[in-house]
Amino acid sequence: MSFQWPIGFERCPKEDWAETPLEELALKYDTVEEHGWYDNLDTTVELLIKNLNTGDIIIDYSGGTGILSQRLLNTANRDDFGILIVDSSPKFLRLALEKFHDNEQVSFRLIKYLRDEKRLQLLDEVLTKEIIDYGIYMICSTNAIHLYNQLDETLTAWHRVLRPNGRIHIQSGNIRNPSAGEDTWIIDETVEHIHRAAMKIVLEQPEWADYAMALEDEEYMKSHDVLRDKYFLPVRPIDTYLDALTSSGFQIDKHMVKTIPAIVEEWYSFLSVYHEGVLGWVGGAERITGKKASEDVIEERKKLIRISMNRIFSEEDSFQASWTYIEALKSV
Ligand SMILES: C[S@@+](CC[C@H](N)C(=O)[O-])C[C@H]1O[C@@H](n2cnc3c(N)ncnc32)[C@H](O)[C@@H]1O
């Protein structure tokens, strides 16, 4: 029998975000769907399907533009379960809605920012009573947990919402894991290496001399370092996540690391969208200087990112990155 949402549950509440036009950054982000390194989702899809029962609701927490949900629906090829995409970005969620508004298996909830309390809503503040009473059996979070600054509160809320014996499936490429192969990258850490390579190139090669002066301005460079860390957050070790899960009441079932190959050109195409975060000091990031860089400067910035990538990846077409997968249980 096809899946039915609980009576009284609205698949998509009538909120402003659902009425806005599609936004460019979300559309650009969504192109990662075609990238080889996005095979990082396959293991999570397999695990979710292995544990799936008729009538289950899976929460795709930080589901973004719905890439994981789409793969899950395609691979599972069954209509007896529901997916609730929950995300803090109205723009990403708007694109997910565009993809699935006619698919009765998928519903949507925005995590709102509570201005007075200076925090995001927690999962049990986002969900309505019908859903919590129905029961949630699985929560997954892909390529996102490294972004949570209220990690303990987020996991404790997941624990409150899950049914006994419920499962969580987490993965991220931005977790330091001692089991990862020595020759594999933490994907976001490539950015720091690109930045260092770019500084050398600017000093070595006369064609980049216009940007060399900036390197001598300590304050200017420092503020761009801070900006880079906002785009690409400092990596936390796996124990941070395992400890937070345990102290939130979860039992760790398994954790593992996988090596995912990434094509340099595809990773460049992703990074070039965030050029200001990667090499903002080339021409000055608007968020720091208050001045928009010209199109020509932005092109040069992107060119330098690409050249620096050739250098750090020794002119190879691809590199290996490591992804960490964690499964945990809410024991009865
Ligand atoms: C890199 S995207 C991953 C999207 C999707 N899960 C995937 O694998 O393609 C990260 C997502 O996490 C969301 N996000 C960022 N910070 C968050 C937070 N503190 N709580 C919940 N979601 C967050 C973003 O809006 C974005 O959709």
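Leu151, Asp152 and Leu155 in helix H7 meet Ala244, Leu245 and Ser247 in helix H10. Meeting here means contact, with C-beta atoms, placed from the backbone, within 7 Å. The residues of that contact divide into four nonpolar, one polar and one charged. For those classes, Ala, Val, Leu, Ile, Met, Phe, Trp, Tyr, Cys and Pro are nonpolar, Asp, Glu, Lys and Arg are charged, and the others, Gly among them, are polar.

This is a predicted model, where local features need pLDDT of at least 70, side-chain atom pairs count only at pLDDT 80 or more, and totals for chains, interfaces and linings use all residues. Residues are numbered from 1 along each chain as its sequence is written.

Back to the helices. H7 covers residues 151-161 and H10 covers residues 238-247. Helices are DSSP runs of H or I, at least four residues, and strands are runs of E, at least two, numbered from the N terminus. The two axes, lines fitted to C-alpha atoms over the stretch in contact, come within 9 Å and cross at roughly 45°.

Next, phenylalanine 108, which is found in strand E3, residues 106-110. Is this residue buried or exposed? Phenylalanine 108 counts as buried because 25 C-beta neighbours lie inside 10 Å; the cut-offs are 20 or more for buried, 12 or fewer for exposed, and partly exposed in between. Beyond its neighbours within four places in sequence, phenylalanine 108 is in contact with Arg11, Cys12, Ile85, Leu93, Ala96 and Leu97. The C-alpha atoms of phenylalanine 108 and leucine 97 are separated by 7.2 Å.

Last, the ligand. The shell around the ligand has eight nonpolar, seven polar and one charged residues.

Note on methods:
Two residues are in contact if their C-beta atoms, placed from the backbone, lie within 7 Å. Axes are lines fitted to C-alpha atoms, for helices over the stretch in contact, and angles run from 0 to 180 degrees between N-to-C directions.
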